[in-house]
Amino acid sequence: MAVGREALVIGGSGMLAGVSLWLEEAGYHVAVIGRDRKKLQALAERSGRPEGFSLLPVDYHQTDRFREAVASLVRERGGIDLVVAWIHSTAPHALPAVQQELSAQRRTWRLFHVCGSRAYKEPPRVADVPNCLYRRILLGFRLQGDDSRWLTNEEIAAGVRAAIQGDRPFSVVGQVEPWDRRPV
């Protein structure tokens, strides 16, 4: 059973790789869920301390396998303190599965739910779980003169890190207004 701080990053080997690496550097043991085994392994190797990671090659669209991976992680590590979740709306059962599996642990945990810009107009419905401190992070865009662009992976990772450090219920990375200036 683990003794230190425990983090779970869902989608943490792609645009959130910088967050996964930062959490490990900050002293967390980081479990990373992703579909691509090679990207997961490359992430751990980038850290210089692969033992600071648990790599879980699972697709969160496969709800039963995903749920079992989270449950197994909780049993193995003794619980989770912090979750960063980048889950597409095409997997509506994935976030509830995480919440259900972690609600059984006794300790309070923080869920940083990373959402795309569409969530600005259509916020996701998220269950209220007693021992979960829910935080929503909304990813926006950047204006550059007369043009706009989506955020880079580095900007996203920096914004998510700032949101975790600020521990506010709602954070925006980039901007969402003016809405009609978003990139297409």
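This is a predicted model: local features need pLDDT of at least 70, side-chain atom pairs count only at pLDDT 80 or more; totals for chains, interfaces and linings use all residues.
## Strand β5, inside and out

A residue counts as buried when its relative accessible area is under 20%. β5 covers residues 109-115, and seven of its seven residues are buried.

In a regular strand, side chains alternate between the two faces of the sheet. Here, Trp-109, Leu-111, His-113 and Cys-115 point one way from β5. Arg-110, Phe-112 and Val-114 point the other way, and they are buried too.

## The neighbours of β5

So who pairs with β5? One partner is β4 (residues 82-86), which runs parallel to β5 over five bridges. Within that pairing, Val-83 has Leu-111 of β5 as its bridge partner. To get from β4 to β5, the chain passes through helix α4 (residues 94-103), and this β-α-β crossover is right-handed.

β5 also pairs with β6 (residues 132-139), again in the parallel sense, this time over seven bridges. There, His-113 sits opposite Arg-136 of β6.

## What about the cysteines?

How many disulfides turn up in a search of the whole structure? The count is zero. Cys-115, at the end of β5 (residues 109-115), is in no disulfide, and its nearest cysteine sulfur is that of Cys-132, 13 Å away.

As for accessibility, Cys-115 counts as buried because its relative accessibility is 5%. Cys-132 counts as buried as well, with a value of 10%.

## The largest pocket

By residue type, the lining of the largest pocket splits into 16 nonpolar, seven polar and four charged residues.

## The second largest pocket

Next comes the second largest pocket, with a volume of about 280 Å³. It is lined by 15 residues, and the closest to its centre are Gly-11, Gly-34, Arg-35, Lys-39 and Tyr-60. The lining of this second largest pocket has five nonpolar, six polar and four charged residues.

Notes. Residues are numbered from 1 along each chain as its sequence is written. Side-chain values use heavy atoms; hydrogens and water are left out. Buried means under 20% relative accessible area, exposed over 50%, partly exposed in between (1.4 Å probe, protein chains only). Helices (H or I, at least four residues) and strands (E, at least two) are DSSP runs, numbered from the N terminus. Two strands pair if DSSP finds at least two bridges between them. A crossover is right-handed if, with the strands pointing away from the viewer, the path from the first strand over the helix to the second runs clockwise. A disulfide is a pair of cysteine sulfur atoms within 2.5 Å. Ala, Val, Leu, Ile, Met, Phe, Trp, Tyr, Cys and Pro count as nonpolar, Asp, Glu, Lys and Arg as charged, and the others, Gly among them, as polar. On a 1 Å grid over the protein atoms alone, a cavity is a set of points where a 1.4 Å probe fits but cannot get out, and a pocket is an open set with protein on both sides within 12 Å along at least five of seven lines; lining residues have an atom within 4 Å of a point. Grid points are joined across faces, edges and corners, and a volume is the space filled by probe spheres set on the points.
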